[in-house]
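Hello,

Please find below the sequence and structure we talked about.

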Amino acid sequence: MKKSFCSRLTIAALVSVFLAVAGSAQVTPAAGYTPPDDNPSFKVGTTIFGDYTYVDSPVTKDSDGNTIHQSAFNITRAYINVTGNLNHWIAFRVTPDVTRETSTTPSTSGSLLFRLKYAYAQVNLDDWTTHGSWARFGIQQTPIVDYTEGIYRYRFQGTIFAERVGLLTSSDAGLSGHYAMPGNYGDIHAGFYNGEGYSKAETNNEKAFQIRTSFRPLPLGGVWKGLRVTAFIDKDHYVADARRQRTIEQVTFEHPLFNAGLDVIRAKDQTGVTKAQVESKGWSAWATPKFGTTGWALLLRHDNFTPNTTSSSQKTKRDIVGVAYWIPNLQRVTAAVMADYDSLKSDNFTPARADDTRYGLKMLINF
């Protein structure tokens, strides 16, 4: 009861901030003040991830019993991004996402379907606090995944570590706020979310509180300007008194010649009060060396994950090596192609799990 009351009190306080901001926007500006452009506007863009993937292992059998290496052409992301402003302090975004229907009963089984990935309203707080601060309501980015993808840049190869092992999702319905620290020292993003992710309906009254704090120790220039230290926590419950918790400690570095990062993650999952709590942990290290301004770059990544620390010998290890070409001199468009090797090995599981090794040709278009 106490936790539920505190959650409602926090949400009420955030709603009050929205109302206060709305009221402040009606104040008549001082003489000589040039108001910002408040004409409504919107833009339409797209994001496309395409690939051809060849599965080297495990081998499978086709419907006639022939041993084959599975291969396929895929579209794994197809966004239509609609973004805009009602005025200089109210913005919005609507983004449907493509997914494949995999159930066997609907007439659409096997089809690519659109579902809602983002749909939110945003109140820009630049007039009252630091530039880049805002509050959002709706289906939106969660604090850590989208932030990390912006530094990593290779989401079109595959998801980041925390999402790849099934511990986090990139989008969820909720209410959140973002504060940009003065002097480019970092930012804070926190909010309450359903906790089930954008692809599932809320199942009960439990809500996830997520907060990410990123600090840039030396923001004023020099080689260390690109260093950021990040802490993230997700506190949630499957049902009352049954925890779903994730923590991430992260260090990233951005430089004209390469980006790099290290994530350390820990999780606690108890699906019911009568069920045992399962603790998991892992780490991921990656680097993206660039060959000057030619557009050529590498992706080097290793993930190491222990799904249950009581069986610490059971691990999954993923190695990714990719060669990418980012097409230069494009106006407001990002485009890249990549050839990659992606190998997942699972150690000491019962029953044994086969190695999963794939070769791919990936494509990115974004504008």
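Thr350 lies in a loop, the one that runs between strand 17 (334-347) and strand 18 (356-366). This is a predicted model, and the remarks here should be read with that in mind. With a relative accessibility of 77%, Thr350 counts as exposed, because the cut-off for exposed is over 50%. Its C-alpha is 9.2 Å from that of Gln314, although Thr350 and Gln314 are 36 residues apart in sequence.

For the overall picture, the protein has three helices and 18 strands. Of its 367 residues, 39% are buried. The protein exposes about 19,500 Å², and 61% of that comes from carbon and sulfur atoms. Among contacts with a separation of 6 or more, 53% are between residues 24 or more positions apart.

The largest nonpolar core has 27 residues, and the members that touch the most others are Ile144, Tyr154, Phe156, Leu168, Ile248 and Trp326. At least two residues of this core come from each of helix 2 (145-152), helix 3 (161-164), strand 13 (258-269), strand 15 (296-306), strand 16 (315-326) and strand 17. Helix 2 is the biggest contributor, giving four residues.

Trp326 deserves a separate entry. Leaving aside residues up to four places away in sequence, Trp326 touches Arg153, Tyr154 and Phe156, then Gly295 and Ala297, then Thr334, Ala335 and Ala336, and also Leu364. Two of these partners, Tyr154 and Phe156, are themselves named with Trp326 among the core residues that touch the most other members.

How much of helix 2 is buried? Six of its eight residues are, so the helix is mostly covered, taking buried as under 20% relative accessible area. The buried ones are Val145, Tyr147, Thr148, Glu149, Ile151 and Tyr152. After helix 2 comes Arg153, which has a positive phi, near 75 degrees. Arg153 is also one of the residues that Trp326 touches.

Back on the outside, there is a nonpolar surface patch formed by Phe42, Val44, Ile80 and Phe114. Together these residues have about 440 Å² of accessible area. Phe114 belongs to strand 6 (residues 112-124). Its relative accessible area is 52%, and Phe114 therefore falls in the exposed class, for which the cut-off is over 50%.

Regards

Definitions and conventions: Residues numbered from 1 in each chain as written. Predicted model: local features only at pLDDT ≥ 70, side-chain atom pairs only at ≥ 80, totals over all residues. Heavy atoms only, no water. Patch = residues over 30% accessible without salt bridge, like charges linked within 9 Å, V, L, I, M, F, W, Y side chains within 5 Å. Areas by Shrake-Rupley, 256 points an atom, 1.4 Å probe, with all protein chains shown as cover. Salt bridge = Lys/Arg side-chain N within 4 Å of Asp/Glu carboxyl O. Buried < 20%, exposed > 50% of the residue type's maximum accessible area, 1.4 Å probe, protein only. Core = buried A, V, L, I, M, F, W, Y, C linked by side-chain atoms within 4.5 Å. Contact = heavy atoms within 4.5 Å.
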